[in-house]
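User: Could you walk me through how to read the features of a model, one at a time? I would like the general idea and then the case at hand.

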Amino acid sequence: MATAERVKQDMPPKGGYRKINFARVFPKPFASSRAMVGTYLVCTGVGWYLYLLNDRLVDRYQVESRSSLIAITPLLDAEADREYLKQLRKNRETEEKLMKNVKGWKTGTLYGEPVYKTVDKKELIEPGLNEYYVHAPDKVLYDRVYWHKYL
């Protein structure tokens with residue numbers, strides 16, 4: 001019991017503990033509302049100015065691109081027509097080569113009978129896709145038919 005009397009108990013300081021601050025503390029504003037609105041208006045104005053400058057430049061590029069496309073379209077159409085006729089000629093020559101040993105076979109007809117009897121001989125009858133690509137590899141036809149798969 002003698003040791004219990006010597007132990008000093010921990011007591012609050014004289015005058016007590018300081019008060020606990022539990023009130024809500026608002027952060028200091030970064031800038032005044034006028035400054036923030038002014039900054040927004042300046043940034044928006046500069047952004048619109050730069051947008052309009054770029055828009056004029058883009059318009060010039062688009063006009064040039066459309067003009068070049070309009071200028072080259074007849075050439076591209078002529079080349080496509082030329083390739084089309086070359087493929088028709090190739091199909092005809094391949095048919096002649098394949099059917100040369102068949103008696104009575106005349107190229108462009110079905111055993112000597114014209115397929116289209118009411119059409120003039122000088123008129124071109126465009127073949128369907130399967131007939132057009134009959135002597136081409138399958139991949140060429142599939143690429144043409146399923147072109148949208150490559151977008």
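Analyst: Gladly! Helices (H or I, at least four residues) and strands (E, at least two) are DSSP runs, numbered from the N terminus. With that rule, T109 falls in strand 1. This is a predicted model, where local features need pLDDT of at least 70, side-chain atom pairs count only at pLDDT 80 or more, and totals for chains, interfaces and linings use all residues. Residues are numbered from 1 along each chain as its sequence is written, and side-chain values use heavy atoms, with hydrogens and water left out.

User: Is T109 buried or exposed?

Analyst: The scale is relative accessible area: buried means under 20%, exposed over 50%, and partly exposed in between (1.4 Å probe, protein chains only). T109 has 13% relative accessibility, so T109 counts as buried.

User: Which backbone atoms does the side chain of T109 reach?

Analyst: A polar contact is a pair of N or O atoms within 3.5 Å; within protein, one must be able to donate a hydrogen and the other to accept it, and residues adjacent in sequence count only if both atoms are side-chain atoms. Here the T109 side chain reaches the backbone oxygen of K106 at 2.6 Å and the backbone nitrogen of G112 at 3.2 Å. If residues up to four places away in sequence are not counted, T109 touches P114 and V115, where contact means heavy atoms within 4.5 Å.

User: How do I read a pocket, and which residues lie nearest the centre of the largest pocket?

Analyst: Rolling a probe the size of a water molecule over the atoms shows where empty space is left. On a 1 Å grid over the protein atoms alone, a pocket is an open set of points where a 1.4 Å probe fits, with protein on both sides within 12 Å along at least five of seven lines; lining residues have an atom within 4 Å of a point. In this model, 33 residues line the largest pocket, and R92, G108, T109, I125 and E131 lie nearest its centre. Helix 2 (33–98), strand 1 (109–110) and helix 3 (129–132) are the elements that give two or more residues to that lining. Helix 2 gives the most, with seven residues.

User: How many of the lining residues are charged?

Analyst: Ala, Val, Leu, Ile, Met, Phe, Trp, Tyr, Cys and Pro count as nonpolar, Asp, Glu, Lys and Arg as charged, and the others, Gly among them, as polar. The lining of the largest pocket has 11 charged residues, alongside 15 nonpolar and seven polar.

User: How many aromatic pairs are there?

Analyst: A pair of aromatic rings is described by the distance of the centres and the angle of the planes. Rings of Phe, Tyr and Trp (its six-membered ring) pair if their centres lie within 6.5 Å; planes under 30 degrees apart count as stacked, over 60 as edge-to-face and the rest as tilted. This rule gives four aromatic pairs. Y132 and Y133 are edge-to-face, because their ring centres are 4.8 Å apart and their planes stand at 85°. The pair of Y142 and Y146 is tilted, with 6.3 Å from centre to centre and 35° between the planes. Ring pairs also link Y84, Y132 and Y133 into a cluster.
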